[in-house]
Amino acid sequence: MTKRLYATETLDNLLLKVVDKTMKQVFTETGTKVIYDFLKNNSRLKREEIAKKPKIFSTGIKKLLGSGAPVIEKMILKNLYSKLELKLEEKDGYEFSDHIKELRKRLKG
């Protein structure tokens, strides 16, 4: 596992970078700003809080994107796991926030 990467960059910082990059790839800079503004205004979630509140992030983008939200969440997770040199294992009943919780546990151990 990439303990060196984790030591130099916290999971929270990495997740935020990956969310930014993935959203900008899909929605461009302007679209990403619109999404962050929506989350701030409708879910009271600031961009900087996404890593600490993944469940609220997930709920917020589901409100905005509907059935497209899981696609974006999966892209974010794949990119995050790739940065950590891990393989994303899809599990029945697992949501975005469950994967983030599990990653936190894995990286602490």
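Select Thr-22 and show what surrounds it: leaving aside its neighbours within four places in sequence, Thr-22 is in contact with Met-75, Ile-76 and Asn-79. Contact here means heavy atoms within 4.5 Å. Before you go on, note that this is a predicted model, where local features need pLDDT of at least 70 and side-chain atom pairs count only at pLDDT 80 or more, while totals for chains, interfaces and linings use all residues. Residues are numbered from 1 along each chain as its sequence is written, and side-chain values use heavy atoms, with hydrogens and water left out.

**Stop 1: Thr-22**

Thr-22 sits in helix α2. Helices (H or I, at least four residues) and strands (E, at least two) are DSSP runs, numbered from the N terminus. Is Thr-22 buried or exposed? Thr-22 is buried, because its relative accessible area is 1%. The cut-offs are under 20% relative accessible area for buried, over 50% for exposed, and partly exposed in between (1.4 Å probe, protein chains only).

Now look at the polar atoms. The side chain of Thr-22 makes a polar contact of 2.8 Å with the side chain of Asn-79. A polar atom of the Thr-22 side chain also lies 2.8 Å from the backbone oxygen of Val-18. A polar contact is a pair of N or O atoms within 3.5 Å; within protein, one must be able to donate a hydrogen and the other to accept it, and residues adjacent in sequence count only if both atoms are side-chain atoms.

**Stop 2**

With a relative accessibility of 2%, Thr-32 counts as buried. Not counting residues up to four places away in sequence, Thr-32 touches Met-23, Lys-24 and Phe-27. Its side chain has a polar atom 2.8 Å from the backbone oxygen of Thr-28.

Thr-28 is not a glycine, yet it has a positive phi of about 65°. What makes that worth a look? Most residues other than glycine have a negative phi. Thr-28 is partly exposed, at 47% relative accessible area.

**Stop 3: Arg-44**

Carry on to Arg-44, in the loop between α2 and α3. Arg-44 has a positive phi of about 55°, although it is not a glycine. Its relative accessible area is 73%, so Arg-44 is exposed.

**Stop 4: the largest nonpolar core**

Select Leu-15, Val-19, Phe-57, Ile-76, Leu-80 and Leu-84: of the 28 residues in the largest nonpolar core, these touch the most other members. Which elements give two or more residues to this core? They are α2 (11-42), α3 (54-65), α4 (69-83) and α5 (96-108). The largest share, ten residues, comes from α2. A nonpolar core is a set of buried Ala, Val, Leu, Ile, Met, Phe, Trp, Tyr and Cys residues joined through side-chain atoms within 4.5 Å. In soluble globular proteins, nonpolar side chains tend to be buried together.

Zoom in on Val-19. Leaving aside its neighbours within four places in sequence, Val-19 is in contact with Tyr-36, Ile-50, Phe-57 and Ile-76.

**Stop 5: the largest pocket**

To outline the largest pocket, select Lys-62, Pro-70, Glu-73, Lys-74, Leu-77, Leu-88, Glu-90, Lys-91, Tyr-94, Glu-95, Phe-96 and His-99, which line it. On a 1 Å grid over the protein atoms alone, a pocket is an open set of points where a 1.4 Å probe fits, with protein on both sides within 12 Å along at least five of seven lines; lining residues have an atom within 4 Å of a point. The volume of the largest pocket is about 220 Å³, a volume being the space filled by probe spheres set on the points.

α4 and α5 each supply at least two residues of the lining, and α4 has the largest share, with four. Colour the lining by type and you get five nonpolar, one polar and six charged residues. Here Ala, Val, Leu, Ile, Met, Phe, Trp, Tyr, Cys and Pro count as nonpolar, Asp, Glu, Lys and Arg as charged, and the others, Gly among them, as polar.

**Last stop: Tyr-94 and Glu-102**

Tyr-94 is partly exposed, with a relative accessible area of 33%. Not counting residues up to four places away in sequence, Tyr-94 touches His-99 and Glu-102.

Finish on Glu-102, in helix α5. At 19% relative accessible area, Glu-102 is buried. What joins the side chains of Glu-102 and Tyr-94? A polar contact of 2.7 Å does. Leaving aside its neighbours within four places in sequence, Glu-102 is in contact with Tyr-81, Lys-91 and Tyr-94.
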